[in-house]
Amino acid sequence: MGRRIASQVHQQVSRLLRANYIQKEPVWFQAVLDHPPLTLPAKAPPPRTTYDQRPTSYGKPAKFSTRPQPIYYLEDYVRRRFFTDHPFEAFRPTTLVEADRIEDPSPITGEAWTRLRQRGRNPIPEDAIRFTLNLYQHHSLSLSEAYAQAVAQFRALRSEHHIANSIAALEAEQLGTTFGPTQIEESFERQKQSLATWDRKEELDEGVLAAQKRWKAIVNRNHGAEQWSRGMEYVRLWQEGVKPNYMPALTEAVIPVTKPVVNKVDPLDLSKR
């Protein structure tokens with residue numbers, strides 16, 4: 001019998017028994033049938049569906065690898081393409097919570113979803129991405145055609161929404177409504193405040209530099225250059241018996257103060273008596 005994986009031994013024995021190649025069942029055969037091992041080898045990856053895998057091209061098949069395959073979703077590819085074409089949509093604020101709970105999914109889906117406007121007149125980028133996948137999966141369109149239709153309808157709805165807001169703002173101004181500063185005006189105001197701090201920072205820097213110069217030691221590099229006597233002054237003081245006291249350099253010899261000498265009489269010297 002050829003070499004088999006441990007989980008396939010009982011299967012090979014079963015085939016050999018049916019072919020009458022083995023006349024008697026092994027002792028362990030019924031126990032393994034009652035408690036079969038894992039159906040897959042220990043290093044084999046689990047089966048994956050084609051939904052979360054990248055479509056493979058018709059080429060040379062890849063070699064078997066023990067590494068797990070990367071997870072791939074088609075909506076991630078569409079989302080990456082959408083934000084590449086519309087980078088400023090990533091800065092548009094959105095909310096995921098309505099009335100203290102997550103919004104219920106829309107009942108319009110599948111073949112019934114033929115227009116992006118069915119989900120609302122102000123769609124978000126995720127609506128355009130879902131609509132692209134819906135056209136690709138339920139309306140027999142290629143991914144490029146589905147993306148082109150979804151993006152065209154998304155831009156049209158965004159244009160309608162922008163024009164409607166502009167007209168509403170003009171009507172409100174004519175009726176006497178006063179609006180606050182826009183986001184652009186607030187950005188310019190913050191920029192002015194930030195630039196105004198630069199002047200104050202320059203004054204503070206000048207004060208710090210002045211304080212540092214006030215306490216900075218000014219050393220004359222040529223100080224004492226002409227006073228060097230090659231050690232002759234030190235030798236002169238040493239010969240005269242002046243001891244150095246590590247004070248500033250002495251210019252004149254200091255005569256040590258000596259006590260008067262008193263002639264003492266030796267009591268044992270009888271000649272001077």
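1. Terms and basis. Contact here means heavy atoms within 4.5 Å. Helices (H or I, at least four residues) and strands (E, at least two) are DSSP runs, numbered from the N terminus. This is a predicted model, in which local features need pLDDT of at least 70 and side-chain atom pairs count only at pLDDT 80 or more, while totals for chains, interfaces and linings use all residues. Residues are numbered from 1 along each chain as its sequence is written, and side-chain values use heavy atoms, with hydrogens and water left out.

2. Overall layout. The protein chain has seven helices and two strands. Along the sequence, their order is α-α-α-β-β-α-α-α-α. Of the 273 residues in the protein chain, 14% are buried. Buried means under 20% relative accessible area, exposed over 50%, and partly exposed in between (1.4 Å probe, protein chains only). Among contacts in the protein chain with a separation of 6 or more, 43% join residues 24 or more positions apart.

3. Helix 5. This helix covers residues 143-174, 32 residues in total. From first C-alpha to last, helix 5 reaches 47 Å, close to the 46 Å expected at 1.5 Å a residue. The expected span is 1.5 Å times one less than the number of residues in the helix. Just after helix 5, Gly176 takes a positive phi of about 100°.

4. The buried residues of helix 5. They are Ala146, Tyr147, Ala150, Val151, Gln153, Phe154, Leu157, Arg158 and Ala172. An α-helix has 3.6 residues a turn, so residues three or four places apart point the same way. What covers the buried residues of helix 5? The cover includes helix 3 (74-85) and helix 4.

5. Val151. This residue lies in helix 5. Val151 counts as buried because its relative accessibility is 7%. Beyond its neighbours within four places in sequence, Val151 is in contact with Phe82 and His86.

6. Helix 4 against helix 5. Their axes come within 8 Å and cross at roughly 145°. Axes are lines fitted to C-alpha atoms, for helices over the stretch in contact, and angles run from 0 to 180 degrees between N-to-C directions. The crossing of helix 4 and helix 5 is right-handed. A crossing is right-handed if the near helix is turned clockwise from the far one by less than a right angle, and left-handed if anticlockwise. From helix 4, Pro125, Ala128, Phe131, Thr132, Leu135 and Tyr136 meet Leu143, Ala146, Tyr147, Gln149, Ala150, Gln153, Phe154 and Arg158 of helix 5. By class, this contact of helix 4 with helix 5 has 10 nonpolar, three polar and one charged residue. Ala, Val, Leu, Ile, Met, Phe, Trp, Tyr, Cys and Pro count as nonpolar, Asp, Glu, Lys and Arg as charged, and the others, Gly among them, as polar.

7. Helix 3 against helix 4. The two axes come within 10 Å and cross at roughly 130°. Helix 3 is therefore oblique to helix 4. Angles under 35 degrees count as roughly parallel, over 145 as roughly antiparallel, 65 to 115 as roughly perpendicular and the rest as oblique. The crossing of helix 3 and helix 4 is right-handed. Leu74, Glu75, Val78, Arg79, Phe82 and Phe83 in helix 3 face Pro125, Glu126, Ala128, Ile129, Thr132, Leu133 and Tyr136 in helix 4, and these residues meet. The contact of helix 3 with helix 4 divides into nine nonpolar, one polar and three charged residues.

8. Thr132. Which residues does Thr132 contact, leaving aside its neighbours within four places in sequence? They are Val78, Leu143, Ala146, Tyr147 and Ala150. Thr132 sits in helix 4 (residues 125-138). Thr132 is buried because its relative accessible area is 2%.

9. Positive phi in loops. Most residues other than glycine have a negative phi, and most peptide bonds are trans. Ser140 has a positive phi of about 55° although it is not a glycine. Ser140 is in the loop between helix 4 and helix 5, and Ser140 is exposed, with a relative accessible area of 73%. Asn20 also has a positive phi, near 60°. Asn20 is in the loop between helix 1 (9-18) and helix 2, and at 54% relative accessibility Asn20 counts as exposed.

10. Leu33. This residue is in helix 2 (residues 29-34). Leu33 is partly exposed because its relative accessible area is 40%. The C-alpha atoms of Leu33 and Ser14, 19 residues apart along the chain, are separated by 10.0 Å.
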